[in-house]
Amino acid sequence: MSLEAILDNLDEFFKAFGYTLFLFLVTAVASLILGTILVAMRVGPIAVLRVLGSVYVTLVRNTPLVLIFIFFHFAAPIIGINFKWVQVHIGTFDFTSAFATAFVALSLYTACFVCEGLRSGVNAVPMGQAEAARAIGLPFLGVMREVILPQAVRASVPPVASALIAMLKNTSVAGVFFLAEATATMRGLTNDYSSQRIGIFLCFAVGYIVLVEIVSMISLALERRWRIA
Amino acid sequence: MRLRKAFAAGAAGIAIAAGLAACGDAGNDSEGRDVEAADDCDGKFDEGTRMAELAEAGKITVGVKYDQPGLGFKGATDDVPSGFDVEVAKLLVADLCIDPASSNVTWEETISDNREPYLESGKVDVVLASYSITDDRRKVVGQTGPYMVTGQQILVKEDSDVAGIEDLKGKEVCSVTGSTSLENVKAKGAKGVGADSYSECAEKVLDGTYAAMSTDGSILAGLAAQNEGQLKVVGDEFSEERIGVGYSKDHPEMCEWINGVLEKAFDDGSWAEAFELTLGPSGVETPEPPELDACQ
């Protein structure tokens with residue numbers, strides 16, 4: 001097994017995982033924010049928002065991710081939604097239409113799983129906590145921010161981390177849709193160096209394993225840190 | 001009742017659309033050439049060769065592309081793929097005394113990325129899937145030919161003023177992930193963007209996301225013909241792709257046989273006829289048959 005293909009193209013290898021990592025980071029932030037808003041809607045006192053929240057989660061969570069990508073790439077442009085205007089260039093990285101579309105599709109999709117992860121945490125907080133917070137006169141947002149969410153977040157670190165890990169691997173779907181992230185680059189290299197397929201495949205697999213391991217370790221550290229003594 | 005009416009209208013709409021689609025299909029049905037199976041296979045091939053085995057079994061699996069109009073294309077409703085690759089494959093199949101139109105031929109889809117693995121594992125017997133001959137590929141599979149030499153060009157919107165690859169330095173140009181074309185585009189200073197199929201690229205050029213797409217001129221001509229008046233092929237060919245036949249390294253004896261069949265097709269005009277029929281309509285002129293590589 002030879003690794004020349006990777007060693008000769010190290011810059012491309014790291015750039016590919018750079019795209020994967022960037023996409024993961026921005027999507028993680030966006031889906032955490034969107035997920036928190038969704039969970040507040042779903043457990044909140046306003047019936048309309050509760051319904052909207054559950055309809056959104058049901059619709060988007062039950063749609064395959066590839067279909068969401070296809071929608072934003074090939075259907076949305078027909079009705080005038082496109083991301084051609086995104087032109088961010090940092091160093092050798094180009095964040096253009098393909099990246100923006102992947103970001104939007106992945107964020108909308110992952111937010112559902114984050115929302116449900118957080119909701120399991122909210123359900124783990126005893127009812128009395130919310131009642132006590134209401135009793136001392138906190139409004140809904142105050143109850144959420146000061147009392148419920150801090151405890152809920154602690155309980156939902158494992159499911160939310162799982163959602164984010166799944167999302168990190170889901171970034172590979174973007175590789176089929178115009179983004180030169182790790183999986184797409186792997187396919188390019190296996191085509192150019194057909195005789196070194198196995199080595200190339202293993203290197204990229206290790207790349208993903210390392211990234212996921214880092215996310216798992218951060219999640220474990222947070223779990224330990226927030227554990228109630 | 002309003003709901004039911006809406007439903008009926010929707011159903012009618014779908015029925016009409018389906019009807020239209022059926023009509024459209026009937027219009028551009030390209031059956032390809034009729035190639036008759038040879039009947040002289042008794043003792044034609046030496047005992048123990050792969051050709052003798054295939055002729056004996058009367059069955060063969062051919063790897064082709066499904067998404068390249070003019071070369072290897074299979075629509076959702078087609079039974080067999082059509083295109084120049086398929087026509088050349090038919091000649092090989094017929095030489096083994098197998099009827100190319102019969103169900104004894106399995107047309108397996110081989111996308112760019114799985115052509116070598118399929119040949120190595122024996123999932124397909126030969127590959128004719130716009131398969132460029134390269135030294136690295138020859139390390140893992142057998143390749144002979146070429147039966148066609150083409151070059152890479154640029155496909156742009158009808159109203160675009162891009163005249164060639166030189167105008168696209170630093171711009172995003174679409175091609176298929178895992179293809180040689182994508183690497184060539186990058187080598188010319190453009191930014192390569194990889195899609196899953198050429199039709200996806202064409203769609204993105206049409207909606208203006210990418211200024212151009214690039215691959216072999218013959219494929220682009222097919223796409224331009226599909227979207228007449230909206231897309232056009234421009235520029236000179238800036239690479240040379242030698243399209244050959246792939247076979248397993250375990251059966252090196254196939255090389256001489258493939259070359260023999262190709263040579264015969266070059267001489268008796270069936271090669272030119274196949275070219276005319278498949279790539280002719282999209283405006284590609286029939287060239288001189290290429291020079292075959294010698295078998296090692």
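This report covers the confidence, the fold elements and the chain contact of a predicted model.

## Basis and confidence

Residues are numbered from 1 along each chain as its sequence is written, and chains are lettered from A and ligands numbered from 1 in the order in which they are written. Because this is a predicted model, local features need pLDDT of at least 70 and side-chain atom pairs count only at pLDDT 80 or more, while totals for chains, interfaces and linings use all residues.

The complex receives an ipTM of 0.79 and a pTM of 0.79 from the predictor. Chain B has a mean pLDDT of 82 (pLDDT is the predictor's confidence in each residue, from 0 to 100). In chain B, 90% of the residues reach 70 or more.

## Chain A: elements and a helix pair

Chain A holds 10 helices and two strands. Both are DSSP runs, numbered from the N terminus: helices are H or I with at least four residues, strands E with at least two. The order from the N terminus is α-α-α-α-β-β-α-α-α-α-α-α. Along the principal axes, the C-alpha atoms of chain A fill a box of roughly 70 × 50 × 30 Å.

Helices α5 (residues 97-124) and α8 (residues 157-170) of chain A have axes that come within 8 Å and cross at roughly 165°. Axes are lines fitted to C-alpha atoms, for helices over the stretch in contact, and angles run from 0 to 180 degrees between N-to-C directions. α5(A) is therefore roughly antiparallel to α8(A) (angles under 35 degrees count as roughly parallel, over 145 as roughly antiparallel, 65 to 115 as roughly perpendicular and the rest as oblique). From α5(A), the contact residues include Leu106(A), Phe113(A) and Leu118(A). From α8(A), they include Pro159(A), Ala163(A) and Met167(A). By class, this contact of α5(A) with α8(A) has eight nonpolar, four polar and no charged residues. Ala, Val, Leu, Ile, Met, Phe, Trp, Tyr, Cys and Pro count as nonpolar, Asp, Glu, Lys and Arg as charged, and the others, Gly among them, as polar.

## Chain B: two open sheets

One open sheet of chain B has five strands in the order β4-β1-β5-β12-β6, with mixed pairing (two strands pair if DSSP finds at least two bridges between them). Its edge strands are β4 (105-109) and β6 (142-150) of chain B, and each pairs on one side only. Neighbouring strands are turned by 25° against each other on average, direction ignored. Strand β1 (residues 60-64) of chain B runs parallel to β4(B), joined by five bridges. Thr61(B) has Thr106(B) of β4(B) as its bridge partner.

Another open sheet of five strands runs β9-β8-β10-β7-β11 in chain B, also with mixed pairing. At its edges stand β9 (191-195) and β11 (231-234) of chain B; each has a single partner strand, so one side of each lacks a neighbour in the sheet. Here neighbouring strands are turned by 35° on average, direction ignored. Strand β8 (residues 172-176) of chain B pairs with β9(B) in the parallel sense over five bridges. Val173(B) stands opposite Gly192(B) of β9(B).

## The A–B contact

Chain A gives 20 residues to the contact and chain B gives 23 residues. On the chain A side, α5 and α9 (182-192) are the elements that give two or more residues. The largest share, six residues, comes from α9(A). By class, the side of chain A that touches chain B has eight nonpolar, eight polar and four charged residues.

Methods:
Two residues are in contact if their C-beta atoms, placed from the backbone, lie within 7 Å.
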